[in-house]
Amino acid sequence: MNIPEVGFNHAKTANREIEVIDLEDIYQRTHGLNHTPTLPHRVNFYLLIHIEEGEGSHLIDFVNYPYQSGAFISVQKNQVHAFDFSHRPKGKVLLFTQAFIDQALANMRLPEFTPIHLEHAYQPVFTPDSDVLSSSQSILAEIVKELSYQNADPLIAMFLFSSLSLILRRAMPESHHDRLSKDQLSKFSRFIELLEKNFHRTRDATYYAEQIHTTYKTLNQLCKLATNQTAKQLIDAYTILEAKRRLVLDGLPTQQLAYDLGFEDASNFVKYFKKHTLLTPSRFQKQYSAK
């Protein structure tokens, strides 16, 4: 099974870096897409899916998360996900790029977007109470309205998006990330960024500490504060996550993947993978190749 990588359609959005799609439109146009939305695919942008009516589950990085009416589902850049259209829920999908986030951060006091999907307690589905839901739906409707104009103002869309983000963030259960200072958040984000680029070269936490100009002890304290996990646990979590993605995405044999991920030999990789997942790489791969 090959999982397609889906990019943001800049031509369709006139380079606005943000788009809202009705779920019903996705049902209608699946035949015209280069991937099947209900099968795993990797995205190079962010999604915020709002379920207005219906229930089901959403697959994110090989875990199914149930949802109900009123829920918001967050999918981060580079995650693998799949829609559940079995009950044809009604709702909207807000798509936005890293460039859009960077512009928003530069123009207003929006909290930093941080990589939270490595937390043990990661929960991408959130159902707000009726008051927050009403406000959120109103703002989302205004975003749709603004983007429908031929001369849509990107700054207005940015302010509306920021309002939606802040309202949802305030209503969500406290995250470990909320405890970080701006400097700590910057260092943690830099650590994750370096990890994503270098995990196949080294899984040594000391290396990453040196790269962000801190000590191993300080990096560990930072990671525990951010995610309640050590730096080594986060390195292992990301390595396993990327191994799962590549097993299914590229259909690589175990020996090749072990080499690509920097393991000395295939047997060491198999032991490492099984220790963290209770499955061998080939067993995990077969679960998805059969779909």
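1. How many bridges join strand β4 to strand β9, and do the two strands run parallel or antiparallel? In this predicted model, β4 (residues 46-53) and β9 (residues 90-96) are joined by seven bridges, and the two strands run antiparallel. Within this pair, His-50 has Lys-92 of β9 standing opposite.

2. The pair belongs to a wider arrangement. Five strands form an open sheet in the order β2-β9-β4-β7-β10, and their pairing is antiparallel. The edges of the sheet are held by β2 (18-22) and β10 (125-126); each has a single partner strand, so one side of each is left without a neighbour in the sheet.

3. Helix α2 (residues 98-107) lies across β2, β4 and β9, and its direction makes an angle of about 75 degrees with β9. Helix α3 (residues 130-148) lies across β2, β4, β7 (72-75) and β9. Relative to β2, helix α3 runs at about 110 degrees.

4. The chain contains 11 helices and 10 strands. Among its contacts between residues at least 6 apart in sequence, 71% join residues at least 24 apart.

5. Burial and surface complete the description. The chain has 291 residues, of which 48% count as buried, that is, with under 20% relative accessible area.

Methods:
Residues numbered from 1 in each chain as written. Predicted model: local features only at pLDDT ≥ 70, side-chain atom pairs only at ≥ 80, totals over all residues. Heavy atoms only, no water. Helix = DSSP H or I, 4+ residues; strand = E, 2+ residues; numbered from the N terminus. Buried < 20%, exposed > 50% of the residue type's maximum accessible area, 1.4 Å probe, protein only. Contact = heavy atoms within 4.5 Å. Pairing = 2+ DSSP bridges. Axes fitted to C-alpha atoms, helices over the stretch in contact; angles between N-to-C directions.
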